[in-house]
2 protein chains.
Amino acid sequence: MPDQHAHRFGASSDAVAEVRQRGLSDALGKQIVTGALAPGSVLTLESLQERFGVSRTVARDGVKVLESLGLLYSKRRVGLVVTEPRAWNVYAPLVIRWRLDSADARATYIELTQLRIAVEPEAAELAAQRRSGAEADELRRLAARMRTLGEAGELEQFMVVDVAFHCLILEASGNTMFAALGDVVGEALHGRTTHGLMPATPMPEALDAHDAVAHAIAHQYPDAARKQMQFLVDEVRAALEHDAVGDAHLRAPVIPTDERALR
Amino acid sequence: MPDQHAHRFGASSDAVAEVRQRGLSDALGKQIVTGALAPGSVLTLESLQERFGVSRTVARDGVKVLESLGLLYSKRRVGLVVTEPRAWNVYAPLVIRWRLDSADARATYIELTQLRIAVEPEAAELAAQRRSGAEADELRRLAARMRTLGEAGELEQFMVVDVAFHCLILEASGNTMFAALGDVVGEALHGRTTHGLMPATPMPEALDAHDAVAHAIAHQYPDAARKQMQFLVDEVRAALEHDAVGDAHLRAPVIPTDERALR
DNA sequence: TTGGGTGAAACGTATGATCTTTTGAGAGGA
DNA sequence: TCCTCTCAAAAGATCATACGTTTCACCCAA
């Protein structure tokens, strides 16, 4: 199993990017988002060639990826400058993955969850207005399956269906920016069980709420859909606040690296 | 004025990317998001070299950018395959800009606004919990300035301050994913005046609500902050529904292009 | 009809050379 | 002493070319 996360966040350049270039952008990207390479740090193409044992072509390709993710920019006569976090594309699948793989995974998980809490009620309301017939059917089917699995205590499979349920609503909203958050919801739900925030068996109210959401969307009751979804995410919010140890602001202080200073 | 939108969405590779490569990724990217190049279309590096009069290096660099934005992927022996919209990084500044520059700018604007509506109340609540003293002061200052400009009917400047106000709240939320939506809010507000959805002079209730939000955040009343912000975005929502002509789903049907079929 | 082998297409990688921008240091003058 | 202006070096940007690698499509044989 070469990549634990390959099942999610696909499409971008997972199976495609060749291994040398990917290794470089992966390693560098991770270093940047973890803060090991502080904003303002300066690298050079040549140093990357040497460090990763690759040609200039590969080094440039890897850098190009990081550049388009906003993690660094290249400046003539200077080199490759690591960007400050506010410029990062934190919605890019690669960046999300790197952040989740790094030390402050918890803070990232909290941020993803907060985003999910904000978006899902709105998405449910929209979905109730624009869902197709097929989507309505599928939604009810998924809700029923969640009940079965939940009452049986099959947490793993339950989560899979749960993710599918929420993703479908995001898609049915008709807003591509909401739909694009399917991965975010997936990671948030995944993190919830990973962090041990899930009861051994899902609460009956949660199962009822899922049913209610599916019902409201199927019957095109936007207000009810929003309200029921709000109920669902409010529970998540409560769990989050009870659990809120990590602060998204926290980050180890690091001083910028300037390779030229080492010469 | 070579780029109308250069004032926003900066940082990524605006002033940095050299002109040849940028021209290529810009032109191609725009073609893809507008649908002029349908998903499944196949290009080759060689055709791009010829079409844009650039070397292989530049063509590859441009493609690399589009690839990391999820707009296409390259496949050996096949070429460059345009990806289906669901895989696009619709949160990437470049993609947002291209979508706004294209024909279905209206649909994009609606999506951005819906996202804003979803996120801002949550951000306001968080901001009320975690804002710094400086942020609280600045927020009240901005609200006051909005009142002055609003009552004077200075719509242009009003909008600038309005954007700053909302961006500051997103930042103060402490959630980097919320903070990253500053550009989205900026474009949404910009589009609101562009689409003529703004009254000649902002409604007094809106000015009051901005004051109330600033006050609630400054005094650390999360519930009030959320409620007041909800009031603000509910007005936006109302304007949006009243105006809802465009459907985000709509897109001109196009058949995939395969360059090889033309030979 | 089916199965496998084979060649070419197109991307991936490597390398060397040249162009362009930037900047820092040094020369020269006030 | 300090400021300005010039200039050369540094480092990325671009180009051209060559070779490696994978994948697909086609053909031939069973």
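Which element supplies the largest share of the surface near DNA strand C? The largest share, three residues, comes from H3(A). The structure is a predicted model, in which local features need pLDDT of at least 70 and side-chain atom pairs count only at pLDDT 80 or more, while totals for chains, interfaces and linings use all residues. Residues are numbered from 1 along each chain as its sequence is written, chains are lettered from A and ligands numbered from 1 in the order in which they are written, and side-chain values use heavy atoms, with hydrogens and water left out.

A residue is taken as near a strand if one of its heavy atoms lies within 4 Å of it. Around DNA strand C there are 23 residues, of which A:Ser55, A:Arg56, A:Arg76, B:Arg60 and B:Arg77 come nearest. Of the atoms of DNA strand C that come within 4 Å of the protein, 63% belong to sugar and phosphate. At least two residues each are supplied to this surface by helix H3 (56–68) of chain A and by helix H3 (56–68), strand E2 (72–75) and E3 of chain B. Helices (H or I, at least four residues) and strands (E, at least two) are DSSP runs numbered from the N terminus. The residues of the surface near DNA strand C comprise five nonpolar, five polar and 13 charged. In this division Ala, Val, Leu, Ile, Met, Phe, Trp, Tyr, Cys and Pro count as nonpolar, Asp, Glu, Lys and Arg as charged, and the others, Gly among them, as polar.

Sugar and phosphate make up 74% of the atoms of DNA strand D that come within 4 Å of the protein. A phosphate oxygen of DNA strand D is 2.8 Å from a polar backbone atom of A:Leu45, and a phosphate oxygen is likewise 2.8 Å from an N or O atom in the side chain of A:Ser74. For A:Arg76, a side-chain N or O atom is 2.9 Å from a sugar or linking oxygen of DNA strand D. Two or more residues of the surface near DNA strand D come from each of H3 and strand E2 (72–75) of chain A and helix H1 (19–34) and H3 of chain B. The residues of this surface divide into six nonpolar, six polar and twelve charged.

Between the protein chains, one aromatic pair is found in a search of the whole structure. The ring centres of A:Tyr91 and B:Tyr91 are 4.3 Å apart and the planes are at 5 degrees, so the pair is stacked. Rings of Phe, Tyr and Trp (its six-membered ring) pair if their centres lie within 6.5 Å, with planes under 30 degrees apart counted as stacked, over 60 as edge-to-face and the rest as tilted. In each of chains A and B, Tyr91 lies in the loop between strand E3 (79–82) and helix H4 (93–101). Both A:Tyr91 and B:Tyr91 are buried, where buried means under 20% relative accessible area, exposed over 50% and partly exposed in between (1.4 Å probe, protein chains only).

A:Ser68, in helix H3 of chain A, is buried with a relative accessible area of 9%. Not counting residues up to four places away in sequence, A:Ser68 touches A:Asn89, B:Val65, B:Ser68 and B:Leu69, contact meaning heavy atoms within 4.5 Å.

The largest nonpolar core has 151 residues, among which A:Ile169 and B:Ile169 touch the most other members. Such a core is a set of buried Ala, Val, Leu, Ile, Met, Phe, Trp, Tyr and Cys residues joined through side-chain atoms within 4.5 Å. Leaving aside neighbours within four places in sequence, A:Ile169 is in contact with residues including A:Ala123, A:Leu139, A:Val213 and A:Met229.

Key
Polar contact = N/O pair within 3.5 Å; in protein donor to acceptor, adjacent residues only side chain to side chain.
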